[in-house]
Amino acid sequence: MKIIVSGGIELGQSLIDYVNEKLNKNNFETIAVAEVTFKKQGPMIYSSIVVNDSVKKGIRINGDSEGESARFAFDEALKKVLIQLNKEKDKLLSEKKKGTK
């Protein structure tokens with residue numbers, strides 16, 4: 001999986017390492033690219049994650065959140081992405097079961 005981290009704020013190496021660790025930890029074996037963006041909006045940090053699935057072409061999943069810290073915003077956005085990925089996985093499994101009956 002290719003991971004792209006960018007933002008309108010200064011990103012420290014520890015944040016980049018944190019993002020890479022979290023994304024790699026979740027075993028996104030079907031994800032081709034994960035784009036993570038950070039922006040400052042007033043006193044809050046906004047994080048957006050966009051992942052593109054390499055198995056079912058055209059699947060694009062977005063998750064975003066904001067918080068007082070970049071890590072918190074990223075973690076909340078990641079939770080949203082994981083929920084959507086699990087829904088897609090369940091949908092694929094359901095389609096496979098229907099096809100084998």
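S48 is buried, with a relative accessible area of 17%. The model is predicted, and S48 sits within strand β3, which spans residues 44-53. Leaving aside residues up to four places away in sequence, S48 touches E35, V36, T37, G63 and D64.

**Salt bridges**

Side chains of opposite charge can pair when their charged atoms come close. With a cut-off of 4 Å between a Lys or Arg side-chain nitrogen and an Asp or Glu carboxyl oxygen, the count comes to 2 salt bridges.

| Salt bridge | Closest N and O atoms |
|---|---|
| E76 with K79 | 3.0 Å |
| E88 with K91 | 3.4 Å |

E76 and K79 both belong to helix α2 (residues 70-100), where they are 3 residues apart, about one turn of the helix. E88 and K91 are likewise 3 residues apart in helix α2, a separation of about one helical turn.

**Accessibility of the paired residues**

How exposed are E76 and K79? E76 has 23% relative accessibility and counts as partly exposed. K79 is also partly exposed, at a relative accessible area of 47%.

In the pair formed by E88 and K91, E88 is buried, with a relative accessible area of 19%. Because buried means under 20% relative accessible area, the 19% of E88 falls in that class.

How values were computed:
Residues are numbered from 1 along each chain as its sequence is written. This is a predicted model: local features need pLDDT of at least 70, side-chain atom pairs count only at pLDDT 80 or more; totals for chains, interfaces and linings use all residues. Side-chain values use heavy atoms; hydrogens and water are left out. Helices (H or I, at least four residues) and strands (E, at least two) are DSSP runs, numbered from the N terminus. Buried means under 20% relative accessible area, exposed over 50%, partly exposed in between (1.4 Å probe, protein chains only). Contact means heavy atoms within 4.5 Å.
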